[in-house]
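Hi,

Here is the structure I promised to pass on. Have a look at it first, and my notes follow below.

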Number of protein chains: 2
Amino acid sequence: MLKIGDFSRLSQVSVKTLRYYDEVGLLKPTQVDQVSGYRYYSVVQLRQLHRILALRDLGFSLDQIGHVLEADLSTEELRGMLRLRRAEQQQRLLKEQECLGRVEALLQLIRQESTTNTEAVILKDTEPQRFASIRKTIPAYNQVGQLFGALFRDFPGSTARGPCFAIWHDDEHKDQDVDAEACIPVDEKYQGLSTIRCADLPMVKVASVIHQGAYNTLTQSYQRVLKWVEANGYQVHGPIREIYLQCGEPLRQDDDSYVTEIQVPIALDRGGRRVGNY
Amino acid sequence: MLKIGDFSRLSQVSVKTLRYYDEVGLLKPTQVDQVSGYRYYSVVQLRQLHRILALRDLGFSLDQIGHVLEADLSTEELRGMLRLRRAEQQQRLLKEQECLGRVEALLQLIRQESTTNTEAVILKDTEPQRFASIRKTIPAYNQVGQLFGALFRDFPGSTARGPCFAIWHDDEHKDQDVDAEACIPVDEKYQGLSTIRCADLPMVKVASVIHQGAYNTLTQSYQRVLKWVEANGYQVHGPIREIYLQCGEPLRQDDDSYVTEIQVPIALDRGGRRVGNY
DNA sequence: GTACGCCCTCCAGCGACAGGAGAGTCAAGC
DNA sequence: GCTTGACTCTCCTGTCGCTGGAGGGCGTAC
């Protein structure tokens, strides 16, 4: 019979941990002195503890380890658990790799530009959203206000479910003849009018940046997010969205208090794999 | 001014999380109603929140994020933090990869052998330990008892600091003329006798398995651990140790109650990298 | 006598929230 | 003006695998 300290030295597992395993019922000492409460382990239990440690090193939770050990499962069941575990672990690994990739991409961005101009770009999944819209080719980006004017004229403004936004359908930047869509989110049940298109915004992965400032400085934020997309190994994959989180009436091009979100749909650009369904 | 629910929808951050960020002082709403306690956020704060999310996605803790945001640090400091972060993340990634490797290795082992015979092998670092020993070439492995006999004859048994063990110095399995060392752990201050060698066991990475059963079944455990070492991409790297956790007097070859730990020093066997210093 | 060196139990803390109870608040419809 | 239902508040608990510490008991060596 070994006292907990001896057992701890032999197994290289801390006394605290052994007590914890006792508490959660994972490894109970073969004998406990009723009077002193001293735990006594037998050498044979080292084998049991080894099994616990092995499963722990495979990434199983103590709860799962408990089930595995007491279930005494077949090879086939074990194989199943391991395959599940492998899938989980692959997911985790992927996440950690992506995280590392983001850190490295940012370091690279900083190295490239001497400017500290690294406004926060984040990756997120947009929520699906029904919207009403008018789509038309307009002379320039900043003329989209007229489309919104037409949209609001035909439209009961109270049905808006969030900030209105624009979709730029062109594949590249254009100085004129912009294929633009002025949109307003509406309720799911809304079906549209004759003059107004009604569609569902799909769920899609986007790189997003919040632009605070006048519209005539938007290009800076565009450059930032596009550089970020490139540095992170993504590829623009669908029309860019511009969400007017805060703007005024009448609309001005030089109002510093406006807040706009730019969303760039993206897909992975590594080894031909693709993400996104826009 | 946006109520927390609106802010949550716009940012896609849960209400709970927003309240938590308020509590820890990471993002306080611009206004809080004194009477109702309602939090009111301004659209501008979306930018702040975006910064928080960006840093979070880089793997920083909320604590660090708080420091980063309020410190308003220089490009050089930012670079430093990112490099530190990168190093940490690389470490984590390595761990997760190793974990996945172990899972896959075990799956492979199961696939190879139909037997469920997967006694727990774990990877650990041995602790440095001073020991007294006698080393000699003996006819066969099971003759090591005689060495221990000689060792104990010259040796005050009470100085033992743990279970005695053997070291097999041969590079490969031998049926005769085994280069064996019978060892007993002693206190750090112990300096040895004339007839007895005294040395320090170095800290080393080992694959370890607990064998429960008679000595004449030890080969099964040896096979298991050696297969594990191979499947996990390691290489035997130093003399194998056999630790007699439980044995009896007189020593027998067929006593089922004996417990023995086998420790196989290992080094990485991938791309020429090496671990271990035995 | 006392000073270690064990061992015990019980409680708090970590990090980043999620879930839920119980109660108050707000805006719209009647 | 009242009800209803959606929204919000605070406060408490739980997560996971331990670690650290307080406060106390027991046994042995000096």
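A residue is counted here as near a strand if one of its heavy atoms lies within 4 Å of that strand. Please keep in mind that this is a predicted model.

With that cut-off, 17 residues are found around DNA strand D, and those that come nearest are Lys16(A), Tyr21(A), Gly5(B), Arg19(B) and Arg39(B). On the DNA side, sugar and phosphate make up 67% of the atoms of DNA strand D that come within 4 Å of the protein.

Some phosphate contacts can be named one by one. In chain A, Arg56(A) places a polar side-chain atom 3.4 Å from a phosphate oxygen of DNA strand D. From chain B, Arg39(B) has a backbone N or O atom 2.9 Å from a phosphate oxygen of DNA strand D.

As for secondary structure, the elements that give two or more residues to the surface near DNA strand D are helix H1 (4-11) of chain B and helix H2 (15-23) of chain A. The largest share, four residues, comes from H2(A). Sorted by class, this surface holds five charged, six polar and six nonpolar residues.

One last point concerns the layout of chain A. Its domain assignment gives domain 1 (2-71) and domain 2 (121-268). Taken over C-alpha atoms, the centres of these two domains of chain A are 59 Å apart.

Best wishes

Terms used:
Residues are numbered from 1 along each chain as its sequence is written. Chains are lettered from A and ligands numbered from 1 in the order in which they are written. This is a predicted model: local features need pLDDT of at least 70, side-chain atom pairs count only at pLDDT 80 or more; totals for chains, interfaces and linings use all residues. Side-chain values use heavy atoms; hydrogens and water are left out. Domain bounds come from an automatic or database domain assignment. A polar contact is a pair of N or O atoms within 3.5 Å; within protein, one must be able to donate a hydrogen and the other to accept it, and residues adjacent in sequence count only if both atoms are side-chain atoms. Ala, Val, Leu, Ile, Met, Phe, Trp, Tyr, Cys and Pro count as nonpolar, Asp, Glu, Lys and Arg as charged, and the others, Gly among them, as polar.
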